[in-house]
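Read it with the model open.

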Amino acid sequence: MAGEETEEEKKSAASGRTHTRNNTQQSSSSGYLKTILLVTFVGVLAWIYQTIQPPPAKLVGSPGGATVTSPRINLRDGRHLAYTEFGIPRDEAKFKIIYIHGFDSCMRDSHFANFLSPALVEELRIYIVSFDRPGYGESDPNLNGSPRSIALDIEELADGLGLGPKFYLFGLSMGGEITWACLNYIPHRIAGAALVAPAINYWWRNLPGDITREAFSLMHPADQWSLRVAHYAPWLTYWWNTQKWFPVSNVIAGNPIIFSRQDMEILSKLGFVNPNQAYIRQQGEYVSLHRDLNVGFSSWEFDPLDLQDPFPNNNGSVHIWNGDEDKFVPVKLQRYIASKLPWIRYHEISGSGHLLPFVEGMTDKIIKSLLVGEENVSESREASV
């Protein structure tokens with residue numbers, strides 16, 4: 001009869017309602033799962049982002065930061081560079097030298113105060129200024145720092161102190177690497193330069209691949225990875241050097257395996273603990289150590305092997321000093337650089353390691369060679385590899 005549903009029609013309708021309800025439930029469950037996965041994914045990304053972000057710097061002179069205890073000059077961009085002076089007063093000096101300290105170091109670590117002969121300082125009328133590089137000690141960080149910016153900082157330091165149109169440079173380790181930047185960006189301001197155990201950027205484009213790979217392979221794996229991260233993934237340097245899963249840089253950790261026999265003898269005399277370490281890192285390890293690695297081992301805008309002689313008229317000189325047992329800086333690469341830049345005066349000291357200027361009498365020899373050309377040093381020069 002019309003208007004009456006058959007038994008089959010009733011079953012069909014019930015089945016349709018059940019199917020619709022099941023589809024709705026499945027769709028709802030699928031939507032919940034997608035939401036949970038999305039929230040989890042976003043949460044993981046947020047955790048990763050927070051993990052790799054360095055903490056804010058504890059700026060010297062700011063609330064929560066250390067107190068300013070040293071004289072500082074004010075740079076054009078508003079940052080400050082802290083400095084300390086040695087030797088003859090700058091207005092009375094004949095030779096004016098800017099000392100550039102190395103990695104995980106500071107202006108207070110300058111060896112001139114204890115290892116440069118007072119008699120030589122008086123004889124040659126030497127003035128030396130040592131400064132904290134950006135992010136170290138009491139100098140403000142530069143989160144946009146580069147080889148060029150630090151060279152210009154040094155020029156501003158010289159101008160701020162009234163050192164005159166030209167000055168000498170003495171760069172140790174990564175300070176020696178920065179000296180290359182000064183020779184490129186401000187050569188007209190330099191009267192002469194000594195690069196002592198200068199660090200080498202393995203990614204300078206003109207270094208031969210076979211020698212570079214060989215030298216790089218001699219480093220401890222932890223140090224290799226630390227430099228790879230600094231070069232290829234600088235945004236990971238803070239996380240890499242603070243995580244607990246893999247070994248971190250032996251240099252940052254202060255592991256003695258990085259020192260040569262002679263270095264260990266020197267350290268035993270000086271004491272193995274650096275009394276200035278808290279001062280060095282007081283603004284944070286990221287703005288001091290990690291940023292230093294990022295700048296030193298980044299892709300530079302220039303290659304030192306492309307540099308021309310800054311003193312074609314022999315009115316100055318550039319020297320490289322390296323120990324043949326240096327475990328920080330591969331001597332084979334240093335020899336190659338010296339062989340390609342014939343205007344470099346290369347001094348290789350047998351039996352010496354990275355702490356070369358702390359050897360008794362060596363700082364005097366380096367300074368004499370730089371300022372007055374005395375070459376009475378026991379050395380060997382290898383012009384080819």
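Helices (H or I, at least four residues) and strands (E, at least two) are DSSP runs, numbered from the N terminus. This is a predicted model: local features need pLDDT of at least 70, side-chain atom pairs count only at pLDDT 80 or more, and totals for chains, interfaces and linings use all residues. Residues are numbered from 1 along each chain as its sequence is written, and side-chain values use heavy atoms, with hydrogens and water left out.

**Salt bridges**
- The whole structure holds 17 salt bridges (a side-chain nitrogen of Lys or Arg within 4 Å of a carboxyl oxygen of Asp or Glu).
- Arg76 pairs with Glu156, with the closest N and O atoms 3.6 Å apart. Arg76 sits in the loop between β1 (72–74) and β2 (80–87), Glu156 in helix α4 (residues 147–161), 80 residues apart.
- Arg189 and Asp159 form a salt bridge at 2.9 Å, N to O. Arg189 lies in the loop between α5 (174–185) and β6 (190–196) and Asp159 in helix α4, so the pair ties together parts 30 residues apart in sequence.
- Arg205 bridges to Asp306, the closest N and O atoms being 3.0 Å apart. The two partners are 101 residues apart.

**Exposure**
- Buried means under 20% relative accessible area, exposed over 50%, partly exposed in between (1.4 Å probe, protein chains only).
- Arg76 is exposed at 68%, whereas Glu156 is buried at 16%.
- Arg189 is buried at 9%, and Asp159 is partly exposed at 45%.

**Helix α12**
- Helix α12 (residues 285–296) gives four residues, the largest share, to the lining of the second largest pocket (a pocket is an open set of points on a 1 Å grid over the protein atoms alone, where a 1.4 Å probe fits, with protein on both sides within 12 Å along at least five of seven lines; lining residues have an atom within 4 Å of a point).
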